[in-house]
Amino acid sequence: MAHIMAVTAFRNAEFGTDPGAGRVVGTDVAAGGAGIDDPAMLRCLLDQTPTPTALVEGDGDRCAFANAAFRALGVVAGAGLMERFPALAASLLAEARRTGQPQRNRAAGDRSTDGERFWDVRVTPMLGVNGVVRGLIVTAEETPESVAEHDRRLRDVSHRLKNTLQLVSSLLTLQTLSSKDPEVRRALQSAGGRVGIVTQAHQRTHGSLRAGTIDMAVHLSELCQELEATLPGAHRIHVTADATEMPTEAVIPFSLIVSELVSNAARHAFPSGTPGAIDVRLGRGDGGSIRLEVVDRGAGLPPGLELSRATTLGLKVVRAFVGQLRGKLTADSSPYGTRVVVEFPPA
């Protein structure tokens with residue numbers, strides 16, 4: 001229906017119409033009213049229609065007019081229509097010019113970089129009095145397949161990425177088992193653990209890609225349950241978390257920050273073999289900031305150690321990802337324990 005309206009409007013506005021044809025009922029054009037054969041009003045109506053609509057004139061694919069819906073897709077007057085809107089095939093324009101008959105492609109993909117969308121594209125030739133094609137009307141209506149196809153591709157990409165991460169983790173495990181050097185084994189185990197954290201975080205974020213945010217309270221609880229099962233010694237992790245939304249792209253760096261801070265506390269805060277408790281808290285700080293706390297009741301940081309200058313790989317990872325999320329890292333330590341605080345800007 002939108003296509004028929006667009007073609008009728010262009011025909012009336014650009015190519016003329018029979019006197020009195022198509023006037024708005026109850027409007028007296030002769031008295032100064034505006035009928036739908038008034039070019040200015042028709043162009044205004046076309047510009048506001050939600051269906052992307054354009055006029056192509058001449059032998060090339062240059063756009064002579066694009067309404068607001070097409071301009072939102074990057075199509076502007078004077079630009080090549082196929083260049084800006086790849087769903088329109090050159091063959092469709094050529095066939096419409098050659099035959100003088102309307103052409104249609106019901107499932108044209110636009111090859112968009114952020115997820116391909118599919119369109120029902122129509123090209124209708126506008127004929128002059130001598131039968132020569134004077135212009136082409138192009139309309140495009142997005143088809144329902146776009147959303148389903150986009151989701152399917154997201155699932156495929158997510159699945160391939162998960163398989164790749166699991167392969168990397170398996171290779172690191174094999175390398176660990178084949179190494180006889182204790183230091184190398186520890187380093188490989190640590191790397192494998194980090195890959196595992198990334199894999200788990202990616203798995204959780206996949207279902208929230210369309211929403212764009214994820215409740216970090218739920219994610220943090222599940223993450224700490226998994227960490228507790230892998231920590232050396234009989235350590236317990238107590239999680240207190242308020243409902244806190246963060247962007248999905250923040251989930252992986254956030255997870256690695258928590259993993260490194262909890263692992264550091266488990267390895268260094270308590271004497272060897274002594275069980276201990278680690279508190280992980282998530283909530284809102286001053287000004288709406290997101291506040292993460294990792295607290296232990298251990299021996300405290302070694303004298304002179306500053307988190308901002310520590311050279312261990314784990315703390316370097318923490319500082320790097322805190323910076324990526326535009327956060328601030330601080331620590332408060334005493335012989336009775338250590339509190340590490342990360343404040344992220346409001347989401």
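Strands β4 and β5 form a hairpin with five residues between them, and G131 in the turn has a positive phi of about 80°. This is a predicted model, in which local features need pLDDT of at least 70, side-chain atom pairs count only at pLDDT 80 or more, and totals for chains, interfaces and linings use all residues. Residues are numbered from 1 along each chain as its sequence is written, and side-chain values use heavy atoms, with hydrogens and water left out.

The two strands run antiparallel and are joined by nine bridges; pairing requires at least two DSSP bridges. Eight of the 10 residues of β4 are buried (under 20% relative accessible area; exposed is over 50%, partly exposed in between, with a 1.4 Å probe and protein chains only).

The elements discussed here are DSSP runs numbered from the N terminus, with helices (H or I) of at least four residues and strands (E) of at least two:

| Element | Residues |
|---|---|
| Strand β4 | 118-127 |
| Strand β5 | 133-142 |
| Strand β11 | 328-334 |

Now for the helices: α9 (residues 251-268) and α10 (residues 313-324) pack at about 150°, their axes 9 Å apart. They are therefore roughly antiparallel (over 145 degrees).

Finally, T330 sits in β11 and, at 36% relative accessibility, counts as partly exposed. Its C-alpha lies 5.9 Å from that of V340, 10 residues away in sequence.

Methods: Axes are lines fitted to C-alpha atoms, for helices over the stretch in contact, and angles run from 0 to 180 degrees between N-to-C directions. Angles under 35 degrees count as roughly parallel, over 145 as roughly antiparallel, 65 to 115 as roughly perpendicular and the rest as oblique.
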